[in-house]
Structures are given as C-alpha cells and as structure tokens.
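Open the model in your viewer and follow the stops below in order.

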Amino acid sequence: MTNEKRELSTEQREELLGVLKARFEKHMNRHPGLEWAKVQAKLEANPEKWWSLHEMEITGGEPDVVRYEEETDEYIFYDCSAESPKGRRSVCYDHKALESRKEHKPKNSAMNMVAAMGIELLTEEQYRELQKLGNFDMKTSSWVKTPSEIRQLGGAIFADFRYGNVFVYHNGADSYYGARGFRGSLRV
C-alpha cells in the first residue's frame, strides 16, 4: 500500500499510538474490562503489527480493540469506522473477479487489499459481533468473507445495518459500488 518496507517511523508510531489510545478510551463499551497499558505493551512487543494498523487507519478504518482472546493471548482489532472505510470502497471481491471484468474495472479488490495490508476480511460472524458494539454501515455496506461454495459459483456476500438489523446479501463477486467497501481485523 503506502510503504514497501512495512515500517513506520518513530513519529508515525507515536502518532498512531496516540490515536489508538484516544479511541480506546473514548469507546470503552467496545472492550469492557480491558486496560490500555496491556494493549500498548502487546503492541510494543509486536512491532510488525504497527504497519497493518497504520494501513487500517489511513484508509479510514478507525481500528479499535474489540476483545482479548485468553487462549491465544491476542487482542483483536476491527475496523470501527461508522461507515465502510472510505479508502477501501469501489472494489470488487477478489482478484479473480477483478480479472474477469472486461470493462469498467475497479482499481482493486477487497481480498488483494487485505493481503497487502496484512489483515483479515471480517467474516459474517465477526461482522455481526461488530454490530453489537454500535451501529455500523447504516449508509454503506461491506464485503465479508465469502464461503468457498458461494465464491465457486461466482458470488460473494456483503453486509450492512438497516432498520435495526444486520442484513447479509449476495452479489456477483465482480460487482463494485461507491458505497461498498470492506472491514478488516488484526490480531496482536
């Protein structure tokens, strides 16, 4: 994406840390019982994760901690922007779909971008978990990880939040819309 070396300068790390800490403290409902000092210590012990969090941030994802998994000793970050991240919209589902378009190709695909960013695409289950933390994608929609049997038939799934409910839909994997992007997750 923006830096081939996948490293942040000291200034960039400090700025990102400040943004993440402020967001963590502002949205305590997303991670009750978790302490910022422990999240920061985990981040400092895993410097390779900084670049991915930075990519999530600069593409509009507003990453925040949504839970801690004791069995793996990992903090889980999700994109928590109110709408699908602006810097990741108008993309089709994956590279195969991108290559299949004969004309009016989007610039990229969701799966290409998550791979480049070093993150994972949210699954339908994770998307529903995110919606328990607030109301997200009330005007946009987000691609979610598509089961292989659906993808093999040319489809892909996306989700949004309307009328107080999460809706999961299908579309051709090669489709793309200005109001559809994707959300990711990162384990630290």
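Start by selecting Val39, Leu43, Leu53, Phe77, Trp143 and Phe182: they have the most contacts inside the largest nonpolar core, which has 34 residues. A nonpolar core here is a set of buried Ala, Val, Leu, Ile, Met, Phe, Trp, Tyr and Cys residues joined through side-chain atoms within 4.5 Å; buried means under 20% relative accessible area, with a 1.4 Å probe and protein chains only.

Next, colour the elements that give two or more residues to this core: α1 (10–26), α2 (36–45), α3 (50–58), β2 (74–79), α4 (95–100), α5 (110–117) and β5 (155–162). Helices (H or I, at least four residues) and strands (E, at least two) are DSSP runs, numbered from the N terminus.

Then select Leu122, Val144, Phe161 and Val166, which are among the 14 residues of another core, lying apart from the largest one.

The model is a predicted one, where local features need pLDDT of at least 70, side-chain atom pairs count only at pLDDT 80 or more, and totals for chains, interfaces and linings use all residues. Residues are numbered from 1 along each chain as its sequence is written, and side-chain values use heavy atoms, with hydrogens and water left out.

Now centre on Phe182. Which residues does Phe182 touch, not counting those up to four places away in sequence? Among them are Ser84, Pro85, Arg88, Met113, Met117 and Trp143, where contact means heavy atoms within 4.5 Å.

Finally, zoom out to the whole chain. Its secondary structure comes to seven helices and eight strands. Buried residues make up 46% of the 188 residues. The C-alpha atoms fill a box of roughly 50 × 40 × 30 Å along the principal axes.

How values were computed:
Buried means under 20% relative accessible area, exposed over 50%, partly exposed in between (1.4 Å probe, protein chains only).
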